Amino acid sequence: MNSPALAPHRGGALDSFVRLRGVSKRFQVAGDTRAILADLDLDIRREAFIAILGESGCGKSTLLRLLCGLDSAYDGQILVDGVAPKIGNDEAGIVFQDPRLFPWLTVEQNIALGLARFGLERAEVRQRVREHIALVGLAGFERALPHQLSGGMAQRVALARAIVARPAFLLLDEPFSALDALTRSQMHDQLLRIRAAADLTMLLVTHDVEEAVYLADRVVVMAPRPGPLRASVEIDLDYPRNRADTAFQRERERLHALLGHGAHSTHSTLSVHSHS
Ligand SMILES: Nc1ncnc2c1ncn2[C@@H]1O[C@H](COP(=O)(O)OP(=O)(O)OP(=O)(O)O)[C@@H](O)[C@H]1O
Ligand SMILES: [Mg+2]
């Protein structure tokens with residue numbers, strides 16, 4: 001992880017890296033207009049690690065698509081590093097909810113696609129790809145085709161493809177959902193190492209509360225119905241975090257309550273902060 005960053009950075013340290021104001025998103029379904037996101041405000045500071053929790057269908061993946069410019073049909077304002085997101089923006093890397101690998105390309109060819117637009121020497125591409133294959137624990141599978149991989153291995157290829165160009169903004173949509181507990185916790189630590197090695201702003205969608213508390217410095221909880229965020233919770237614990245700590249468990253409980261899991265779910269106790 002010592003190679004220099006490829007993506008250009010625009011500077012401007014103090015303002016929000018990501019800024020959403022009054023963002024609304026509707027879909028047309030069979031002649032009906034359905035609101036998915038409504039009047040969403042969010043600020044993410046540079047180099048923050050934000051986790052997003054929320055019920056299935058509340059619009060998390062939709063939000064990620066807006067943030068990386070895959071969908072530009074929304075109302076309101078979205079700025080990422082000062083500009084509206086657009087496809088092909090060198091700054092953003094994304095891991096989708098499904099791996100989306102090209103079935104006819106090998107693992108290394110799929111990962112090399114993440115570098116295609118930079119016009120690097122072949123030797124450099126090979127070197128970076130090898131480095132990232134090792135990083136996601138897939139050494140030995142360089143020449144494998146996607147159908148020869150497990151679901152979790154395919155997810156790790158997608159992660160390597162997203163980070164191989166060292167983006168400044170990394171969007172992760174449940175990237176670890178198909179991994180066993182041990183591999184998942186190894187990937188968590190790997191992700192924190194990647195974060196420490198680069199000035200990276202990260203947004204992770206997850207259904208795993210423990211994962212959110214282990215990784216993120218702020219956890220955003222989306223409401224099931226379109227509207228403002230339900231809560232934004234700072235996780236004020238030093239890294240590396242210990243899942244067995246009382247403070248860790250307290251944060252986990254707090255988030256479970258905010259999500260409405262278990263007996264102590266009361267929406268009236270929710271607090272919303274919008275700093276960082
Ligand atoms: N292209 C589309 N056309 C119409 N409706 C869509 C489209 N994409 C998403 N939706 C709807 O938007 C809502 C939010 O979808 P989204 O995929 O963002 O949810 P999510 O929060 O990521 O859920 P999950 O946790 O299950 O991944 C859903 O009701 C979905 O049916
Ligand atoms: Mg989703």
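Is Ser-61 buried, partly exposed or exposed? Ser-61 counts as partly exposed because its relative accessibility is 25%, where buried means under 20% relative accessible area, exposed over 50%, and partly exposed in between, with a 1.4 Å probe and protein chains only. This is a predicted model, in which local features need pLDDT of at least 70 and side-chain atom pairs count only at pLDDT 80 or more, while totals for chains, interfaces and linings use all residues. Residues are numbered from 1 along each chain as its sequence is written, chains are lettered from A and ligands numbered from 1 in the order in which they are written, and side-chain values use heavy atoms, with hydrogens and water left out.

**The magnesium site**

Ser-61 (OG) and Gln-97 (OE1) coordinate the magnesium ion (ligand 2) at 2.0 to 2.3 Å; donors are N, O and S atoms within 2.8 Å of the metal (3.2 Å for Na, K and Ca), and since water is not among the atoms, sites may look incomplete. Ser-61 lies in helix 1 (residues 60-67) and Gln-97 in the loop between strand 5 (92-95) and helix 2 (107-112), so the pair ties together parts that are 36 residues apart in sequence. Helices (H or I, at least four residues) and strands (E, at least two) are DSSP runs, numbered from the N terminus. Gln-97 counts as partly exposed, at 39% relative accessibility.

**The shell around ligand 1**

Ligand 1 is surrounded by 14 residues, the closest being Ser-56, Gly-57, Lys-60, Thr-62 and Gln-97; a residue is near a molecule if one of its heavy atoms lies within 4 Å of it. The table lists distances from an N or O atom of the side chain to an oxygen atom of ligand 1.

| Residue | Distance to an oxygen atom of ligand 1 |
|---|---|
| Lys-60 | 2.7 Å |
| Thr-62 | 2.6 Å |
| His-207 | 2.8 Å |

On its own, ligand 1 has 640 Å² of accessible area, of which the protein covers 64%, the areas coming from the Shrake-Rupley method with a 1.4 Å probe. Strand 1 (16-29) and helix 1 are the elements that give two or more residues to this shell, and helix 1 gives the most, with three residues.

**Strand 1 and its partner**

Strand 1 pairs with strand 2 (residues 32-45) in the antiparallel sense over ten bridges, where pairing requires that DSSP finds at least two bridges between two strands. Ser-16 has Arg-45 in strand 2 as its bridge partner. The two strands form a hairpin with two residues between them, and Ala-30 in the turn has a positive phi of about 45 degrees.

Notes: A polar contact is a pair of N or O atoms within 3.5 Å; within protein, one must be able to donate a hydrogen and the other to accept it, and residues adjacent in sequence count only if both atoms are side-chain atoms.
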